[in-house]
Amino acid sequence: MSDYSLLINGDLIRTKDSFPVINPANGEVFARAPECSIEQVNQAVEAAEQAFPAWKSDIAKRKEALMAMANAIQANSERIAEVLTLEQGKPLSQSKMEIMGSVMQIQLSANLTMPVEVVQDSPKGLLEVHRKPYGVVATITPWNFPVSIAMGKVATALISGNTVILKPSPFTPLSTLLVAEAVQSALPPGVLNIISGSDPLGSHLTAHPSVRKIDFTGSVNTGKKVAAAAAPDLKRITLELGGNDAAIVLSDVNVKQVAKSLFWGAFTNSGQVCIAAKRVYAHESVYSNLVEAMAEMASKTSVGDGMVEGNRLGPINNKPQFDRVRELVNDARNNGATIVTGGDQLSDNGYCFANTIITDVDDSTRIVAEEQFGPVLPILSFSDTDEAITRANNTNYGLGGSVWSGDIDKATEVAQQLECGTAWVNQHLALNPMVPFGGSKWSGIGYINGRWGVEGSTEIQVINVKRA
Ligand code: NDP
């Protein structure tokens, strides 16, 4: 039996079955999460369907409810943050930032509007473009930022008039379930349902015929399965998928300054960020100095249990991901790479991995060609900017990328040639909750945030009136 509950039709429900949740700092089970049955998934979808007509009809009430939801999460932020660190691994201060960022995102979303666009208003007729919610939205989230990714999606879907079933990753279900407890009385029953469970739950939810839209964040492989599951009913999809962001460092940079920012652009959340810098192309004239400065940052930044004050980075979240990161590092090592610093796990317990800088690899080495999603960064050199752009773009991924230079105009020109959803200049990872976010190529379909998020949560209805 779990100490946590599902939220279905406004009720907090304990389940008969449960599954273990592991603290990645020590590899031990510290809690059990409720295992939602197929029958309960169906109940959640039915509740969302029934809540939809009343919820979609009154935007003022939606705004009020979202503000109440934000307040409820804020009031419980300490408890949610602690559980987030225990299940995800990140340092407690960063968990607190994630929860407060989620509160802010909900508040900002509560103020989004869906204005009617008037195309023609003349004696002959009236032509208006309205935006209508889809109905029941299935929201599926990953384990790296379980609360903020979920709340960004949920808030946009709800303010747009949809009702939602939210399913977190089984690696990090508990913080989301605590959100369920916190917001239970802030929203009308059925408007937001939160369920947790192991593997078959996601595919059952995406196949359910009453779900009209799937809002998914996760890996490219699962994203393709979600798209296939959506096809029979032509469900709408937003897919926020993986990335393999390149950072291009030109010859005219201040190496020490770049190393400081670029390190955090790559290693924040122990590299478990979809838009982390995952491979660096540095001009040959600054290459050695950059490698040295990045290695210094990597070796002096403390990694360990997120509950221990002073640790700036936590463990890798789960065993399969830990094994994958180690496999990619060993593959590089076996193919002649130099491990400048780091290279293996930090202790026998848990999934802490040393911050790792790798050189002497080429574009076909797996650690460069694949998404590592961990605290490991390959640094490669280039001699010509066009060559660096070509190599950065030579991938199926297209989430983000960055260009670093003392000449902002030149760097901006290069950034515009990157094939990705967000291209930064002299920074990496900076996000604004009111600016569209999404990937090109295999990194995603659709955009979240601000009015672009509302557009993705709604469909168009044209009202065409003949007056004369
Ligand atoms: P996964 O794709 O493994 O899982 C994501 C979610 O999908 C989980 O809740 C998972 O639950 C569920 N899921 C798995 N299979 C199916 C299925 N067939 N149908 C429906 N749902 C399913 O990703 P990770 O959790 O491992 O997250 C890491 C990945 O997410 C990285 O590639 C990262 O880049 C990407 N990501 C992208 C972001 C973006 O905005 N572009 C942001 C953050 C992460 P279960 O495990 O129970 O199946």
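Mentor: Contact means heavy atoms within 4.5 Å. The model is predicted, with local features needing pLDDT of at least 70, side-chain atom pairs counting only at pLDDT 80 or more, and totals for chains, interfaces and linings using all residues. Residues are numbered from 1 along each chain as its sequence is written, and side-chain values use heavy atoms, leaving out hydrogens and water.

Trainee: Which residues does Val183 touch?

Mentor: Leaving aside residues up to four places away in sequence, Val183 touches Leu7, Met69, Ala72, Ile73 and Leu192.

Trainee: Why are helix 2 and helix 5 called roughly antiparallel?

Mentor: The axes of helix 2 (residues 59-75) and helix 5 (residues 146-159) cross at roughly 160° and come within 9 Å. Angles over 145 degrees count as roughly antiparallel, and the two helices are therefore given that name. Their crossing is right-handed.

Trainee: What makes up this contact, by class?

Mentor: The contact of helix 2 with helix 5 has 9 nonpolar, no polar and 2 charged residues. Ala, Val, Leu, Ile, Met, Phe, Trp, Tyr, Cys and Pro count as nonpolar, Asp, Glu, Lys and Arg as charged, and the others, Gly among them, as polar.

Trainee: Why is Met294 called buried?

Mentor: Buried means under 20% relative accessible area (1.4 Å probe, protein chains only). Met294 has a relative accessible area of 0% and is therefore buried.

Trainee: Where is Met294 placed, and which residues does Met294 touch?

Mentor: Met294 lies in helix 10 (residues 287-300). Not counting residues up to four places away in sequence, Met294 touches Ala259, Leu262, Phe263, Ile357, Leu377 and Ile379.

Note on methods:
Axes fitted to C-alpha atoms, helices over the stretch in contact; angles between N-to-C directions. Helix = DSSP H or I, 4+ residues; strand = E, 2+ residues; numbered from the N terminus. Parallel < 35°, antiparallel > 145°, perpendicular 65-115°, else oblique. Left-handed = near helix turned anticlockwise from the far one by under 90°. Buried < 20%, exposed > 50% of the residue type's maximum accessible area, 1.4 Å probe, protein only.
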